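Please look over the sequence and the model first.

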Amino acid sequence: MSNRELRTLSVPEGVAGERIDSALTRVLGLSRTAVVKLLEDGDITTGGKAMPKSDRVTAGQVIDVLMPAPVNTDPIPLTPLEGLTIVYDDQDIVVIDKPIGCAAHPSPGWTGPTVVGALMAAGYSVSTSGPAERQGIVHRLDVGTSGLMIVAKSDTAFHVLKDAFRNRTVEKIYHAMVQGHLDPTTGTIDAPIDRHPKEDHRFAVVATGKESITHYEVIEFYRGVSMVKVELETGRTHQIRVHFSALHHPLVGDTTYGADPVLAKSLQMSRPWLHAAQLRFAHPVTGQALQFHAPYPADLTGSLALLSDAVLP
């Protein structure tokens, strides 16, 4: 006999208009991969009919979900990680400088190291709030993005920081190298983002997507590329990569979003030139104003050295 629970829910206004996979990820607390599998298996229905994952939900819509069978939750793999730098640590939070090649947390199909697993392997405790595989995670960096990331150690810090990111009170500054010369040299990109309509592993500017706002300022022009300081007002997946690609100035090395592979090779870049360089936020428990900076890792400084003799006057 199946021990799967049939759950009936009414779509809240807060997710109205979103794709069903995105909406249920938020409402049910499941991973998006789990929700997509339920959709593909016909386990999510409305009015007795299976819903395709491209459907968008409406407020008050009644949806039946045959929840996944409970599984024995394996402990997070404890994987020591060379290159993980602890920038700040107290009883409530730990701020790290994340190397590339490391995911924020475990996910289906990912067998490499994770921030959570590396911290736990090093003896750090993290908050148990949130889904089991995302303990302590209040925001994320892509596997191929280096730089600053906060992890909550106490449950209070977890909830306060989640609210801070949601309310946009955390200042996140990135440095990025983009192809071409940006004109104007300062600006704001305000373009909604959602999953790419045809390629599920990518995101795109989509009229019906979530509000996404990126501010930028050129730091330096080099031959054929621009170094930019980027401040995120929102924190959508791949936001910086998608927004600059939409401007036809993709990040150097970001071949997923249209970067020139020849240029990437000439600058010895095998990942998007993107670094989370600065964080400013109020400590979630004490309220103290905190500010952190992270230097560029070796691959980014190496690419800059290759450009150093090509600075424009």
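The model is a predicted one.

**Helices α1 and α2**

Helix α1 spans residues 20–28 and helix α2 spans residues 32–40; their axes come within 9 Å and cross at roughly 125°. That angle makes α1 oblique to α2, and the crossing is right-handed. On the α1 side the contact is formed by I20, D21, L24 and T25, which meet R32, V35, V36 and L39 of α2. By type, the residues of this contact divide into 5 nonpolar, 1 polar and 2 charged.

**Salt bridges**

The count of salt bridges comes to 13.

| Pair | N to O distance |
|---|---|
| D41 and K37 | 2.7 Å |
| K153 and D89 | 2.7 Å |
| R241 and D142 | 3.2 Å |

In the salt bridge between D41 and K37, D41 is partly exposed at 43% relative accessibility, while K37 is exposed at 51%.

K153 and D89 form a salt bridge that links distant parts of the chain: K153 lies in the loop between β7 (146–152) and α4 (155–166), D89 lies in strand β5 (residues 85–89), and the two are 64 residues apart. K153 is buried, with a relative accessible area of 15%. D89 counts as partly exposed at 37%.

The side chains of R241 and D142 also meet in a salt bridge. This pair too links distant parts of the chain, with R241 in helix α5 and D142 in the loop between α3 (115–121) and β7, 99 residues apart. R241 is buried at 9% relative accessibility, and D142 is partly exposed at 23%. Salt bridges that share partners join D142, R241 and D254 into one network.

**Helix α5**

Is helix α5 largely enclosed by the rest of the structure, or is it open? Of the 8 residues of α5 (residues 239–246), 7 are buried, so the helix is largely enclosed by the rest of the structure. The buried residues are Q239, I240, R241, V242, H243, F244 and S245. Just after α5, H248 takes a positive phi of about 65°.

**L306 in helix α7**

L306 sits in helix α7 (residues 298–307) and is partly exposed, at 39% relative accessibility. Not counting residues up to four places away in sequence, L306 touches S266, L267 and Q268. L306 and Q268 are 38 residues apart in sequence, and their C-alpha atoms are 8.9 Å apart in space.

Methods
Residues are numbered from 1 along each chain as its sequence is written. This is a predicted model: local features need pLDDT of at least 70, side-chain atom pairs count only at pLDDT 80 or more; totals for chains, interfaces and linings use all residues. Side-chain values use heavy atoms; hydrogens and water are left out. Axes are lines fitted to C-alpha atoms, for helices over the stretch in contact, and angles run from 0 to 180 degrees between N-to-C directions. Helices (H or I, at least four residues) and strands (E, at least two) are DSSP runs, numbered from the N terminus. Angles under 35 degrees count as roughly parallel, over 145 as roughly antiparallel, 65 to 115 as roughly perpendicular and the rest as oblique. A crossing is left-handed if the near helix is turned anticlockwise from the far one by less than a right angle, and right-handed if clockwise. Contact means heavy atoms within 4.5 Å. Ala, Val, Leu, Ile, Met, Phe, Trp, Tyr, Cys and Pro count as nonpolar, Asp, Glu, Lys and Arg as charged, and the others, Gly among them, as polar. Buried means under 20% relative accessible area, exposed over 50%, partly exposed in between (1.4 Å probe, protein chains only). A salt bridge is a side-chain nitrogen of Lys or Arg within 4 Å of a carboxyl oxygen of Asp or Glu.
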